[in-house]
Amino acid sequence: MEQVLLILDWILYVLFTINVLYLLVYSLASLRQKLPVPPPSTKYKRFAILIPAYKEDAVIHECVHSCLEQDYPVDSFDVVVISDSMQPETNASLSLLPIRLVEVHFEKSTKSKALNAAMAAIGNDYDVALILDADNVIPYNYLKDVNNLYACSSVEIVQTHRVAKNLNSDMALLDAMSEEINNTIFRLGHAKLGMSAALIGSGMAFQYDLFRDTMANIKAVGGFDRELELTLLYQGKHFHYLPETFVFDEKVQNTDDFSRQRRRWLSAQWHYCKVFASYSFKAIASRNWDFCDKMFQQLSIPRLLLLGFTFLLAVIFSFYNFVWSLKWWTIFLLLITALLVAVPRRFCTSRLAAALQALPYTFLLMAANIFKLRGANKKFIHTAHGVVSPNKK
């Protein structure tokens with residue numbers, strides 16, 4: 001029996017170690033020399049700012065106004081709101097603004113349907129498609145920053161730095177920290193090693209024709225950005241990253257929203273892992289390392305589960321066989337190191353220490369979601385937006 005446990009122990013250890021070392025390498029890579037800042041451009045690309053808005057009455061106006069206040073020639077961008085199931089009063093007030101309002105009606109709503117419908121309605125007189133979520137807010141210099149990078153003819157796809165718009169609850173703080181860890185490892189660390197930065201679903205810009213033609217074949221219900229990302233990487237496209245160009249995004253504020261959101265993400269990760277698995281052999285043969293790297297991410301253990309299960313196994317083996325446990329404590333410390341390097345210093349406060357007490361519960365929610373993935377990627381799971389006051393019940 002002990003021999004069986006020993007074999008199982010080593011299988012799990014190798015699997016977990018590969019995941020931990022992957023995070024550690026890219027986390028440490030983020031400390032390398034800063035990425036070059038593109039010089040100002042005197043030529044202005046024409047942007048279509050596409051904002052899918054499904055029942056986003058509470059947040060859409062703030063997003064739209066931040067877009068209209070850009071320090072960018074007004075004839076060089078259009079704000080396109082794709083209104084899906086929003087209130088008539090919301091649509092009426094939006095129609096008074098200098099934007100393009102595209103109302104859509106679907107039996108089953110998805111982000112990919114909304115984006116395709118909008119591009120069919122607005123035509124092709126654009127150079128860049130910028131995708132925002134309805135809860136996003138962008139600073140006044142955002143378009144200029146993206147435009148400067150697009151002055152380089154080789155740039156086709158850009159991901160900007162998404163940060164928290166709200167820190168009004170412990171869950172929002174933890175969600176914000178988690179996203180910054182993702183930014184450090186999967187975007188900044190990758191970019192500094194010459195790899196493609198990961199796309200994140202919003203705050204991303206594409207050469208317009210490329211995005212329109214690629215989206216025409218995207219039928220995703222959930223996780224459209226994963227299908228889009230894998231499709232483009234397989235085509236050999238490279239994703240650039242602008243770490244100093246921020247888009248502010250609303251973070252989940254309670255455990256129910258956290259559970260629904262992570263369930264959607266886990267489902268999309270597993271679904272597209274299966275869909276694109278057969279492409280891996282050809283990608284390896286053609287040395288398409290960006291695609292292979294992304295497929296590894298699809299196969300990897302979600303970070304919170306990796307942290308929780310590594311700690312649990314270290315504790316369990318400490319009681320069963322202390323010698324066995326030493327290697328588990330070692331990779332647990334390496335994982336902690338990778339995460340600490342990736343966390344921006346501004347998060348290291350007493351408030352974070354208090355919020356971290358909720359980690360065991362969020363780990364349990366993530367673990368429970370493993371058993372709730374069936375059918376999750378076949379229906380649109382919407383997360384309601386609108387910042388709630390901490391004092392509001």
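Predicted model: local features only at pLDDT ≥ 70, side-chain atom pairs only at ≥ 80, totals over all residues.

Guide: Let's go through the sheet, then the helices on it, then a pocket beside them. Residues are numbered from 1 along each chain as its sequence is written, and side-chain values use heavy atoms, with hydrogens and water left out.

Here's the sheet: seven strands make an open one, running S3-S2-S1-S4-S6-S5-S7, with mixed pairing. (Strands are DSSP runs of E, at least two residues; helices are runs of H or I, at least four residues; both are numbered from the N terminus.) Two strands count as paired if DSSP finds at least two bridges between them. S3 (100-104) and S7 sit at the edges with a single partner strand each, so one side of each has no neighbour in the sheet. On average, neighbouring strands are turned by 25 degrees against each other, direction ignored.

Tyr54 stands opposite Asp84 in S2.

Now the helices. H5 packs on the sheet and touches S1, S2, S4 (128-131), S5 (157-164), S6 (204-207) and S7; touching, or contact, means heavy atoms within 4.5 Å. The direction of H5 makes about 175 degrees with that of S7. Such angles run from 0 to 180 degrees between N-to-C directions, using axes fitted to C-alpha atoms, for helices over the stretch in contact. H6 packs on the sheet too, touching S5 and S7, and its direction makes about 155 degrees with that of S5.

Last stop, the second largest pocket: 34 residues line it, with Leu35, Leu188, Tyr241, Pro243 and Glu244 nearest its centre. (A pocket is an open set of points on a 1 Å grid over the protein atoms alone, where a 1.4 Å probe fits, with protein on both sides within 12 Å along at least five of seven lines; lining residues have an atom within 4 Å of a point.) H5 (142-150), H6, S7 (239-249) and H13 (322-342) are the elements that give two or more residues to this lining.
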